[in-house]
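Dear colleague,

I am handing over the structure below for your records.

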Amino acid sequence: MKIGIIGTGYVGLVTGVCLAEMGHEVTCIDQNTAKIQLLQSGQAPIYEPGLEPLLTRHSALGTLQFRSSIAEMAEDAAAIFIAVGTPSGADGTADLSFVLQAADQIADFITRYTVVVAKSTVPVGTTRVIMERIQAKLESRGLSRKLADVVSNPEFLREGKAIEDFLQPDRIVVGIESQQAARVMEQIYEPLTKKGHSLIVMDLRSSEMTKYAANAMLASRISFINEIAELCEATGADVEKVRLGIGSDHRIGPFFLSAGVGYGGSCFPKDVAALMATAREYQASSSILQATVEVNRRQRKRFLAKVAEYFHGSLEGKAITVWGVAFKPDTDDIREAPALDLIKSLLNEGAAVSIHDPIALPHAKQVFGDRPGIRYFNDPYEAVQGAHALMLVTDWDVYRKADMDLVKKSMNKPVVFDGRNVFDPVQMKNAGFHHYSIGRKASWEHE
Ligand code: UDX
């Protein structure tokens, strides 16, 4: 099938590449001509494992094309996906201007029956608004309103695993109002449903809500285990054992129960805030969502407070190394990353901060530049030279496998604040480290 995609950001690009891999002919549109030129030369503007080989292959085959205007797209596309950003406004509400702009372009472009697919995460009710807007425009062009159907098809892509998540999904959710559109969506996803992946069809509002509910549920699980972690620290229990204990109950499951410095990224904070804004709009309760955000904030503060407490309340003049800036491993994305808050606070409190990240360092430089007190390192061992403490903030594999003997020799004092429970406290104690982690006894509390 011929498919168009508006927006070559993270979601649009992954969607385009994967739909081409599923056998469709895809044209991706973005008004950013520099980005389109980069993509036309076979380069991906984002870091995502597995993306570039598919991009190269389908560009060479001609099954994936990049254009800077919708006018350059084939007129007989069966579906056009809207995959543009919905950034958070000041009060947490999603800014829909890019989505509505894309809807207008589509309404001006189409001349035959087209399914418009809202892939962007939009508040409940928005797909209906897009539909009205497109159909009204068609009418004003003297065309039938029935020329377009708008469906909701949220994405559940994890950064770093997006290709896998798209091509081997737990489920595909589609919100639909018309049978004709349902058939088109079934055809688009047939290569996946044929392999046993389920397509769940529902009404528009439920589909939109599913996306927010999924992310809010996952975020709340993280805050839940982080709150339990604090209680474990207070009572002398070990959150890693508790996680095993509760996670083996099949009703609970083991995933998304890792205690740490909390969640970040472009989705959880934004989507929880947007759902809270929806709750305000409808005067509905959002107490669990509020608590989720509050615990997540508290978790970062608690981690920093532990470091300050270790140094008797003052970080002035202390050399602190931060390992990991990305909001999670396998991505260079630092949006809402816990490390940003922590680095800012360390600098404000007068510490000298050395930072390392395997790939997110350039982004960190864009944020902190050459602020006094900060230094950037491409080598994790050089970063710990002379440090009074090491704070591990992102659980990159390279840190898990680090030569801790070398780290110990390089540091001024062998002190590790492990914000992702990467190291075992007893092993660290035996190796001569002072080690603090989340929800477990610190090494100095072990007999
Ligand atoms: C998330 C959703 O997983 C995805 O389905 C949705 O479409 C977009 O948002 P992503 O933001 O890429 O994906 O990251 P994810 O892997 O879900 O992790 C989010 C954050 O939670 C990271 O900061 C991670 O470190 C943290 N996390 C995750 C924990 O602190 N503990 C956990 O157990 C799991």
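Please bear in mind that the model is predicted.

The protein chain is divided into domain 1, residues 2-202, and domain 2, residues 205-447. Their C-alpha centres are 34 Å apart. Domain 1 gives 23 residues to the contact, and domain 2 gives 21 residues. On the side of domain 1 that touches domain 2, α5 (126-140) and β7 (171-175) each supply at least two residues. The largest share of that side, three residues, comes from β7. By class, the residues of this side of domain 1 comprise 11 nonpolar, 10 polar and two charged.

Helix α5 also meets helix α4, residues 97-109. The axes of α4 and α5 come within 9 Å and cross at roughly 30°. Because angles under 35 degrees count as roughly parallel, α4 is roughly parallel to α5. The crossing of these two helices is right-handed. From α4, the residues in the contact are Val99, Leu100, Ala103, Asp104, Ile106, Ala107 and Asp108, and they meet Ile130, Arg133, Ile134, Lys137 and Leu138 in α5. This contact of α4 with α5 has eight nonpolar and four charged residues, with no polar ones.

Yours sincerely

Note on methods
Residues numbered from 1 in each chain as written. Predicted model: local features only at pLDDT ≥ 70, side-chain atom pairs only at ≥ 80, totals over all residues. Domains from an automatic or database assignment. Contact = placed C-beta atoms within 7 Å. Helix = DSSP H or I, 4+ residues; strand = E, 2+ residues; numbered from the N terminus. Nonpolar A, V, L, I, M, F, W, Y, C, P; charged D, E, K, R; others polar. Axes fitted to C-alpha atoms, helices over the stretch in contact; angles between N-to-C directions. Parallel < 35°, antiparallel > 145°, perpendicular 65-115°, else oblique. Left-handed = near helix turned anticlockwise from the far one by under 90°.
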